[in-house]
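Student: I have a structure open and would like to learn how to read its features one by one. Could you walk me through it?

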Amino acid sequence: QVQLVESGGGLVQPGGSLRLSCAASGITFSLYDMGWYRQAPGKQRELVAVITSGGETDYADFVKGRFILSRDNTFNTVYLQMNSLTPEDTAVYYCNADLMIKGIDYAYWGQGTPVTVSS
């Protein structure tokens, strides 16, 4: 059974920082591209950042220079360090694991962790 368990969300003041974690089980973690998405109230889910199985990262323009994505294959965990947070970063953040094999997409989602940026 595949599980992605997010943690680290919460309430933070503008300009503050949070670190989200996503612990994976039931998959060969090192093979998967791992990503973070977010969904704000009334908006569509959007990609925040992704790290490939090879460790390459890509970020949405709205988080470049503020967020850092990393992975630890020893602990099957991916981390999203979020700095200089603004109220616009308020959303539920979801972890995603994705692997394409022979045209079949194996994709899994966590349950989400809420982040609220407010004074």
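Predicted model: local features only at pLDDT ≥ 70, side-chain atom pairs only at ≥ 80, totals over all residues.

Student: Is leucine 4 buried or exposed?

Tutor: Leucine 4 has a relative accessible area of 5%. Buried means under 20%, so leucine 4 counts as buried.

Student: Which residues is leucine 4 in contact with, leaving aside its neighbours within four places in sequence?

Tutor: Among them are Cys22, Ala23, Ala24, Met34, Cys95, Tyr108 and Trp109. Glycine 110 is also in the list; leucine 4 and glycine 110 are 106 residues apart in sequence, yet their C-alpha atoms are 4.6 Å apart in space.

Student: Let's move on to the nonpolar core. How many residues has the largest one, and which have the most contacts inside it?

Tutor: The largest nonpolar core has 31 residues, and those with the most contacts inside it are Met34, Trp36, Val78, Leu80, Met82 and Tyr93. Strands S3 (18-25), S4, S5 (46-51), S7, S8, S9 and S11 (113-117) each supply at least two residues of this core.

Student: Which strand gives the most to this core?

Tutor: S9 does, with 5 residues.

Student: Arginine brings me to charges. How many salt bridges does a search of the whole structure find?

Tutor: The search finds 4 salt bridges. In one of them, the side chains of arginine 38 and aspartate 89 meet at 2.9 Å, N to O. Arginine 38 lies in strand S4 (residues 33-39) and aspartate 89 in the loop between strand S8 (77-82) and strand S9 (91-101), so this pair ties together parts that are 51 residues apart in sequence.

Student: Are arginine 38 and aspartate 89 buried or exposed?

Tutor: Both are buried. Aspartate 89 also meets the side chain of arginine 66 in a salt bridge, at 2.7 Å, N to O. Arginine 66 lies in the loop between strand S6 (57-59) and strand S7 (67-72), and aspartate 89 in the loop between S8 and S9, so here the parts tied together are 23 residues apart in sequence. Arginine 66 is buried, as is aspartate 89.

Student: Which residues are linked in a network of salt bridges?

Tutor: Arg38, Glu46, Arg66 and Asp89 are linked in such a network. For another salt bridge, look at aspartate 61 and lysine 64, whose side chains meet at 3.2 Å, N to O. Aspartate 61 is exposed, with a relative accessible area of 63%, and lysine 64 is partly exposed at 48%.

Student: What should I look at in a pair of aromatic rings?

Tutor: The distance of the centres and the angle of the planes describe the pair. This structure holds 2 aromatic pairs. Tyrosine 32 and tyrosine 108 form a tilted one, 6.2 Å centre to centre with 50° between the planes. This pair links distant parts of the chain: tyrosine 32 is in the loop between S3 and S4 and tyrosine 108 in strand S10 (residues 104-109), 76 residues apart. Tyrosine 32 is buried, with a relative accessible area of 6%, whereas tyrosine 108 is partly exposed at 26%.

Student: And what about the rings of tyrosine 37 and tryptophan 109?

Tutor: Their centres are 4.9 Å apart and their planes are at 65°, so the pair is edge-to-face. Tyrosine 37 in strand S4 and tryptophan 109 in strand S10 are 72 residues apart, so this pair too links distant parts of the chain. Tyrosine 37 is partly exposed, with a relative accessible area of 22%, and tryptophan 109 is partly exposed at 39%.

Student: Where does the charged end of arginine 45 sit?

Tutor: The charged end of arginine 45 sits over the ring of tryptophan 109, 4.7 Å from the ring centre. Likewise, the charged end of arginine 71 sits over the ring of phenylalanine 29, 4.6 Å from its centre.

Student: Which residues does threonine 77 touch, not counting those up to four places away in sequence?

Tutor: Threonine 77 touches Ser21, Cys22, Ala23, Phe29, Ser70, Arg71 and Asp72. Threonine 77 lies in strand S8 and is buried, with a relative accessible area of 8%. A polar atom of its side chain lies 2.8 Å from the backbone oxygen of phenylalanine 75.

Terms used
Residues numbered from 1 in each chain as written. Heavy atoms only, no water. Helix = DSSP H or I, 4+ residues; strand = E, 2+ residues; numbered from the N terminus. Buried < 20%, exposed > 50% of the residue type's maximum accessible area, 1.4 Å probe, protein only. Contact = heavy atoms within 4.5 Å. Core = buried A, V, L, I, M, F, W, Y, C linked by side-chain atoms within 4.5 Å. Polar contact = N/O pair within 3.5 Å; in protein donor to acceptor, adjacent residues only side chain to side chain. Phe/Tyr/Trp six-rings, centres within 6.5 Å; stacked < 30°, edge-to-face > 60°. Lys NZ or Arg CZ within 6 Å of the ring centre and 35° of its normal.
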